[in-house]
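Hi everyone, thanks for making time.

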Amino acid sequence: MKSTSKSSKTVLDPRTKMLLAVTIASVLIGGGSGGIMNIIRPALVLVPLLLFCISGKWKSAAIYAAAYLCAFAGELFLVPVTTGFMNFMIVACCGMFARFMPGIAMGSYLVNTTTVSEFMAAMERMHLPQKLSIPLSVMFRFFPTVGEEYGAIGDAMRMRGIRFGGGKPGKMLEYRMVPLMVSCVKIGEELSASALTRGLGAPIHRTNICKIGIRPYDLAAMLLCVVSIIFLLIDKFSVI
Amino acid sequence: MKQRIQAKDLINVGIFTAIMFVVCMGVAMLGYIPIFIPLLSVLVPLVGGIPFMLFLTKVKKFGMVTIMSILIGILIGLMGMGVWVIVIAPVSGILADFIFKSGGYASAKKSILGYGVFSIWVIGNFIPIVVTRDNYFDMLISGYGREYAETLMRYIPDWSLIPLLAACFISGLLGAILGRALLKKHFERAGIV
């Protein structure tokens, strides 16, 4: 999550984005296929693509579309013609990829297009207690940082010629985890110092400059979510 | 000594929850290979012990561990592991919190035992496989193909829930010991703790 917003043309409310992420993850990962799901699945898969395009993230949109098409094509064409172990591997890879990819894309859209302030404002509107909203927003702010630090540690290790813990997989854990946590703790301390000086956790009510609200786009997206979840429940418990 | 949770504590909870989640997901990616799925009940608590023990050095107030378990439960549940983990994680978290509290958040034995209890949240991921077996089986077939589903079902028979529970707990204890060893070796020397 960014601390300041570069462009103000965020189309959706943070709450809608969260609802979309939850719906996409639960329907695509947990739901079956066949019947009405054949319409709902592609619709949900298209949502992150559409959002990437609207917000001008052409690169993310292209990567997402290409990766999903590969996985889908693999599932469609390779699975029927292979057997045994190959089939097993292809199904596992493509199946998992096609299922998790849209949820991950939506999650990254949520994290990349929402500022921390907007997120906090949305949490406040939802009347979530601060005890949950502060850790939650810190966490979302922190995911990209953990990834960056992990990459930097990998670079440093390669520079010194340490690969896979020098053939000792047990050591690998120590070599990666220890520096990662040391740097995360340091960053965390700085983060909390800067948040505290801005009055986070002060006893008075915090005001927020961000304008968030439910607009027609949000209503349409929410409708899609509600319909998908209803069909997911029907499908799961075979009510009909 | 009753202290209220402050913003600084909440920020710490957020940071360590993010680290725990990334670590758990990294390990859980091994689930590509079905034999690793039951083994995850050993690996996730074992590796998670390292960040958790570091987290414990920052915990001095009741509730921080509970909040972390609630957040982990929600996140993992949303990643497609079903509703069970959302219910079980807070329960194990609050029990662990009581254990840590009884040791004043400083006792070595209590913190190892407490992380063992905390690790029980991992079992939430396995409950849907056993309890709603037919449902889960259908879902696996539609998503991962018949071979993956049948292999996975063979590895996790009905009776396996209790050994898995024990595995979570015991590897939680081991993970805590590993975490404490690393803590002594590195973090105290580096002045982090």
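Before I count anything, a quick word on terms: helices here are DSSP runs of H or I with at least four residues, and strands are runs of E with at least two. Also keep in mind that this is a predicted model.

Okay, chain B to begin with. How many helices and strands does the secondary structure of chain B come to? We get 9 helices and 0 strands.

What about overall shape? The C-alpha trace of chain B spans about 55 × 30 × 25 Å along its principal axes. Chain B has a radius of gyration of 17 Å, which agrees with the value near 16 Å that a compact globule of 193 residues would have. Of those 193 residues, 51% count as buried. And if you take the contacts in chain B between residues at least 6 apart in sequence, 74% of them join residues at least 24 apart.

Now let's zoom in on some helix packing. Two packed helices are described by the angle between their axes and the distance between the axes.

Take α1(B), residues 7-28, and α2(B), residues 36-58. They pack at about 160°, and their axes are 9 Å apart. Why do we call that roughly antiparallel? Because the cut-off is an angle over 145 degrees, and that angle makes α1(B) roughly antiparallel to α2(B). The crossing of α1(B) past α2(B) is right-handed.

Who is doing the touching? On the α1(B) side you'll find, among others, Phe16(B), Ile19(B), Met20(B) and Val23(B), and they meet a set in α2(B) that includes Leu40(B), Leu43(B), Val47(B) and Phe52(B). The residues of this α1(B)–α2(B) contact split into 14 nonpolar, 2 polar and 1 charged.

Let's hop over to chain A for another pair. Helix α5(A), residues 116-125, packs with helix α6(A), residues 130-159, at an angle of about 150°, with the axes 10 Å apart. These two are therefore roughly antiparallel to each other. Which hand does the crossing of α5(A) and α6(A) have, left or right? It's right-handed.

Here the contact is made by Val116(A), Phe119(A), Met120(A) and Met123(A) from α5(A), with Ser133(A), Leu136(A), Ser137(A), Phe140(A) and Arg141(A) from α6(A). By type, the residues of the α5(A)–α6(A) contact come out as 6 nonpolar, 2 polar and 1 charged.

Terms used
Residues numbered from 1 in each chain as written. Chains lettered and ligands numbered in written order. Predicted model: local features only at pLDDT ≥ 70, side-chain atom pairs only at ≥ 80, totals over all residues. Axes fitted to C-alpha atoms, helices over the stretch in contact; angles between N-to-C directions. Parallel < 35°, antiparallel > 145°, perpendicular 65-115°, else oblique. Left-handed = near helix turned anticlockwise from the far one by under 90°. Contact = placed C-beta atoms within 7 Å. Nonpolar A, V, L, I, M, F, W, Y, C, P; charged D, E, K, R; others polar. Rg over C-alpha atoms; globule rule 2.2 N^0.38 Å. Buried ≥ 20, exposed ≤ 12 C-beta atoms within 10 Å, placed from the backbone.
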